[in-house]
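Please examine the sequence and the structure shown below.

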Amino acid sequence: MTQALSMVSLVAPLADAARALAAAALVLALPGYLVLSLADTARRLSFERIVGSMAGSLACTILVGVLLNRSPWGLTSTAWWFAIGLPGALCLGALAVSHMRRGGFRWRRPRVSQSAAIHAAMIVLAVALAGAALALARQGAETHREYAYTNVWILPEGGPDPTSVVVGIGNEEQAERLYDLEITANGATVLNLAGIRIEDGGQFVRSVPVPRDMSSEDMIVARVFLSGRSDLVLPPSLAAAGGG
Amino acid sequence: MSGPTDPRHAVGFFRLIGVTPQALEDEPVAADTHAPWFPAILLAASCGLLLAALAANRHRLGQPYAVEMFYGAVAVMVFPAALNLILPHTSRTDRLASLMALTAGLFGLRIVRAPLFFVDHDEYLHWNMALDLQEFGRLFLIDTLFPIGQNFPGLAILTSALTSLSGLSVHAAGLLILFAARLVFVGSLFLLVERLTASARIAALCCVFYMASSTFVFFDTHFAYQSVALPLMVFLFALEARLRDAPRREAIVLLAAAIVVLGAISITHHMTSYATAAILLLYCGLEIGRGGSFQQLCRLAILTYAAVVFPLLWSSAASTSNSSYLGPLLANGLNDLRAIFQFEMPRQLFTGSDGEVAPLWQRAMTLGSVGLISLGLALGFFKSLAWNGARLPSRGRFADVIVYLAARTRGRQVALTLLAIGFPVGMAFRLTSSGWEIGNRITPFAFLGVGLVLAVLVAAGLQGRSRSLWRAAPVAAVAVIGVIGGIISGEGRLVLVPARYLVSADAASVEPMGIDTARWTKEWIGPRHRFAADRISRLLLAVHGRQQVSTTLHHGYDAGLLLTAETLGPNERDILKRLDLDYVLADLRLTTGRSLVGTYFDGGLSDQMLDGPPSARAFLKFNDIAGAHRVFDNGHAVIFDVRAVR
């Protein structure tokens with residue numbers, strides 16, 4: 001079972017990547033390629049053909065989108081599959097069959113000269129460096145967090161006549177923290193919790209019943225302190241929610 | 001002895017102003033598939049990208065010399081590629097491959113700058129539009145953030161198609177589309193100029209010099225409508241150039257394809273569709289002037305007719321009028337321009353709205369870039385106008401030479417060259433405070449001409465047939481200065497995401513805490529609530545929180561007044577009621593400094609009434625208002641529930 005799961009976890013990203021590549025070809029290359037095939041009898045894949053395929057595809061997809069909007073299905077996933085995915089796949093299949101009938105795909109072993117091998121190595125190195133650059137930038141952006149802060153919130157629960165309030169603390173201090181929480185209703189303490197341990201990125205959420213005798217004019221106030229410190233994490237009375 | 005009546009004087013005059021048409025050097029045959037320098041140039045582009053990534057990370061950490069390192073990375077990318085493209089004996093394949101390597105490398109800069117999500121103001125507007133389309137599956141929805149954008153949904157449609165079929169996020173799908181569009185742009189420009197000048201060298205050089213446009217590296221790779229429309233426009237011109245001499249059967253298909261592309265441009269971006277129509281009209285005028293064949297004229301006329309009619313049809317179909325959007329922009333820009341001619345400087349150059357001045361080397365680089373381009377235009381404009389691969393007659397009267405040149409000059413090349421006039425016009429607008437946006441819009445079109453003029457100047461003049469690297473190196477250095485100067489004048493000091501948050505500074509104000517707050521709203525209070533917030537917070541609320549934000553553009557009421565007022569008086573209560581607001585988000589960081597882009601809200605009354613940062617007391621006045629509940633606080637951002645107050 002574990003082996004099967006690990007296989008799935010290995011294969012899943014590859015399948016996702018294959019799907020993304022196929023979709024990119026269907027949206028960004030194939031429609032234009034088919035249109036240009038009508039005009040250009042030369043089968044050679046020239047630079048002009050590649051550019052034309054991409055530009056034509058962008059234009060065709062935009063027009064198909066406008067037509068789909070007029071249809072009852074709109075621009076949903078299913079509609080796109082039927083409008084571009086399926087016809088594209090069928091055309092690809094037809095092209096492949098036509099190519100096979102005209103002699104099929106013949107793999108010719110390329111003659112590799114010494115300079116060609118060096119060039120290939122340089123291209124591989126360049127691609128690897130570009131990949132490393134993008135990964136590095138991503139990692140730098142992910143770890144860049146200027147602010148260390150705590151989110152605190154209080155929200156009424158139970159519709160227009162709340163029967164309780166939800167109080168939450170979200171720790172974004174970039175380290176584990178201990179918090180004290182004090183909730184008062186019209187000045188009387190309703191809840192007092194000390195030493196709430198929350199790891200970095202974690203949350204603490206507690207539902208607190210609203211006292212029965214509260215009116216909508218009355219206030220429930222939550223105050224959050226860093227444990228062991230008398231100063232507040234946040235400005236004084238955090239939030240208020242009326243009772244029913 | 002020669003006197004003023006000597007007919008040779010006319011030829012001398014044309015030589016003096018740079019009109020020295022000459023046969024091109026022998027270029028390698030197009031079939032030559034040898035590309036010996038491509039791997040090295042690709043490697044240089046990758047090294048440059050790695051250097052840029054290191055610079056971006058250094059900048060995020062606030063370490064010194066990050067920006068200098070970043071521009072060094074740009075130089076590492078551009079210099080070797082430009083050098084290879086300048087030399088006359090480089091094969092077409094090598095030119096194309098080198099050009100594509102450089103294009104990919106420069107596109108990588110926009111990913112390195114913002115690798116996790118889109119960060120620029122306009123990108124957020126289009127991101128929100130794409131998310132709306134993904135969620136509801138319909139076009140022309142009500143978009144409070146970007147009302148005009150809903151009428152030009154080309155980019156959103158493409159994103160919807162790719163996200164639906166691939167399962168990718170809007171960000172990943174958007175990057176793929178933008179990369180494809182960028183390849184189409186450079187590839188089409190190459191093919192267009194190659195067809196017009198019959199020179200792969202001039203075509204490649206035109207593309208390199210186009211990269212000096214202030215919008216090329218970043219602005220035209222934003223997740224925004226012009227990034228797709230502009231490549232389609234250039235592709236259309238390349239198609240038209242091929243259509244001109246195509247055999248009948250091919251011409252029919254090409255004409256149909258061109259009309260499809262025209263339709264797509266009209267659906268995608270208003271300005272580009274107008275520019276396309278204008279350039280095709282210019283083509284028509286020049287073609288009629290030089291007496292082209294009837295068949296060629298007919299093909300061009302059909303295309304021009306479609307280019308003029310499609311935007312009008314689309315505007316009426318989408319029930320939109322762009323005059324209300326573009327009109328004030330143009331009027332304000334022209335007013336500022338008039339002030340310049342009266343020797344008033346409406347905008348302090350190289351100085352942000354917060355008063356910070358750009359470093360000296362950046363100012364020098366930008367001025368150097370503008371100066372060199374201007375010099376190149378002065379030397380190459382007439383050369384490019386008259387360049388036709390033939391020699392000037394050895395003698396002739398003024399009128400004879402004009403007739404001689406007119407008969408041989410290609411109308412389309414003249415049209416593209418004339419676009420270069422947009423460069424000084426765009427620069428003049430960029431000197432103004434409200435017209436810089438017009439200058440920014442003119443630049444991508446003007447550089448089609450600038451690129452061509454500079455390319456002709458280099459290929460037929462500065463470098464000529466010389467294979468000397470020493471002669472090519474200064475020209476390559478000029479290309480580097482041009483590209484770096486372009487980036488500086490386009491992005492200013494916000495070229496990299498800074499270590500610290502900056503007040504109302506678009507990309508430099510988008511950071512994880514603001515995003516976290518917006519996501520909190522979606523998770524805990526649910527989407528589609530009506531929010532009032534500042535310029536940046538509402539972008540985050542719309543995209544990450546999926547909330548309905550109020551804007552003056554859509555609602556006609558300035559919600560900024562609600563935030564900046566010291567007390568909640570009858571006027572503010574009226575705004576609350578009219579906008580039917582549920583929540584107000586007050587970002588207290590706005591009270592700590594001047595806005596970098598000049599506005600905190602919509603640029604309306606609330607901004608005009610402020611002579612410094614808004615006050616924290618005004619932002620927190622809801623604390624003392626009965627019925628207003630402070631439901632969220634993180635010490636920087638506070639959200640008030642104002643449903644009971646309105």
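## A leucine on the surface of chain A

Leu90(A) belongs to helix α4 of chain A, which spans residues 77-101; helices (H or I, at least four residues) are DSSP runs, numbered from the N terminus. Leu90(A) is exposed, as its relative accessible area is 60%. Here exposed means over 50% relative accessible area, buried under 20%, and partly exposed in between, with a 1.4 Å probe and protein chains only.

Together with Trp81(A), Phe82(A) and Leu86(A), Leu90(A) forms a nonpolar surface patch with about 460 Å² of accessible area. Such a patch is made of residues with over 30% relative accessible area and no salt bridge, the nonpolar side chains (Val, Leu, Ile, Met, Phe, Trp, Tyr) being joined within 5 Å. A salt bridge is a side-chain nitrogen of Lys or Arg within 4 Å of a carboxyl oxygen of Asp or Glu. Accessible areas come from the Shrake-Rupley method with a 1.4 Å probe.

## Basis of the model

This is a predicted model, in which local features need pLDDT of at least 70 and side-chain atom pairs count only at pLDDT 80 or more, while totals for chains, interfaces and linings use all residues. Residues are numbered from 1 along each chain, chains are lettered from A, and side-chain values use heavy atoms, without hydrogens and water.

## The largest cavity

The structure holds nine cavities of 30 Å³ or more, and the largest contains about 150 Å³ of space. On a 1 Å grid over the protein atoms alone, a cavity is a set of points where a 1.4 Å probe fits but cannot get out; a pocket is an open set with protein on both sides within 12 Å along at least five of seven lines, and lining residues have an atom within 4 Å of a point. A volume is the space filled by probe spheres set on the points.

Of the 17 residues that line the largest cavity, Ser214(B), Phe423(B), Met427(B), Phe447(B) and Ser489(B) lie nearest its centre. The largest share of this lining, five residues, is given by α17(B). The lining comprises seven nonpolar, nine polar and one charged residues. Ala, Val, Leu, Ile, Met, Phe, Trp, Tyr, Cys and Pro count as nonpolar, Asp, Glu, Lys and Arg as charged, and the others as polar.

## The second largest pocket

The second largest pocket holds about 920 Å³ of space. Its lining has 33 residues, and Leu134(A), Ile111(B), Leu175(B), Leu176(B) and Phe179(B) are the closest to its centre. By class, 28 of the lining residues are nonpolar, four polar and one charged.

Methods
Patches are made of residues with over 30% relative accessible area and no salt bridge: like charges are joined within 9 Å, nonpolar side chains (Val, Leu, Ile, Met, Phe, Trp, Tyr) within 5 Å. Helices (H or I, at least four residues) and strands (E, at least two) are DSSP runs, numbered from the N terminus.
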